[in-house]
Amino acid sequence: MDTAVRAWLLAQLGTSTDLPDLEARYTRLGTARAVALEVVRERLAALLAQPSSVNVSSVVSVSFTENIKAYERKIASLENGEPPAPDDPDDGTTTPGMLGMLYLVERPRR
């Protein structure tokens, strides 16, 4: 695992993530995206194993439902390829200096 992959993983998973654990997972799984998905899915599973809300009458009320939704959104974005990882395979469509196409859409006039 090189420094770019390590930085990307720490940006996706937080700086408190255990680096030796990430390196072992990267060796086993082979890609940074697979490592990030595995870690986020484990965190989601840990949250789902606990009660999603705790209420103590007139003292405290805690809900983890938004955290669960945030992990689900993070998993969906990682599965869709966003943000791009440094070790993602290049599909050959984007190279530095390559020109793209800009589509113009006619808008209605008054």
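**Entry 1. Glu42 and the ground rules**

Is Glu42 buried, partly exposed or exposed? I looked this up and found Glu42 partly exposed, with a relative accessible area of 42%. Buried means under 20% relative accessible area, exposed over 50%, and partly exposed in between, with a 1.4 Å probe and protein chains only. I note that this is a predicted model, in which local features need pLDDT of at least 70 and side-chain atom pairs count only at pLDDT 80 or more, while totals for chains, interfaces and linings use all residues. Residues are numbered from 1 along each chain as its sequence is written, and side-chain values use heavy atoms, with hydrogens and water left out.

**Entry 2. Salt bridges**

I recorded eight salt bridges from a search of the whole structure. A salt bridge is a side-chain nitrogen of Lys or Arg within 4 Å of a carboxyl oxygen of Asp or Glu. Side chains of opposite charge can pair when their charged atoms come close.

I then turned to Arg25. Arg25 forms a salt bridge with Glu38, and their closest N and O atoms are 2.8 Å apart. Arg25 lies in helix H2 (residues 19-29) and Glu38 in helix H3 (residues 32-48), so this pair ties together parts that are 13 residues apart in sequence. Helices (H or I, at least four residues) are DSSP runs, numbered from the N terminus.

Glu42 also forms a salt bridge with Arg25, again with the closest N and O atoms 2.8 Å apart. This pair links distant parts of the chain, since Glu42 is in H3 and Arg25 in H2, 17 residues apart. Arg25 itself counts as buried, at 10% relative accessibility.

**Entry 3. A pair within one helix**

I next examined Glu66 and Lys69, whose side chains meet in a salt bridge (3.5 Å, N to O). The two are three residues apart in helix H4 (residues 65-79), so about one helical turn separates them. Both count as partly exposed: Glu66 at 47% relative accessibility and Lys69 at 41%. Elsewhere, salt bridges that share partners join Asp21, Arg25, Arg28, Glu38 and Glu42 into one network.

Which residues of H2 are buried? I listed Leu22, Arg25 and Tyr26. Seen down the axis of H2, they fall within an arc of 100 degrees (taken from the directions from the helix axis to the C-beta atoms), so they line one face of the helix. The face turned away from the buried side carries the exposed residues Pro20, Thr27 and Arg28. I also noted that Gly30, which follows H2, has a positive phi, near 95 degrees.
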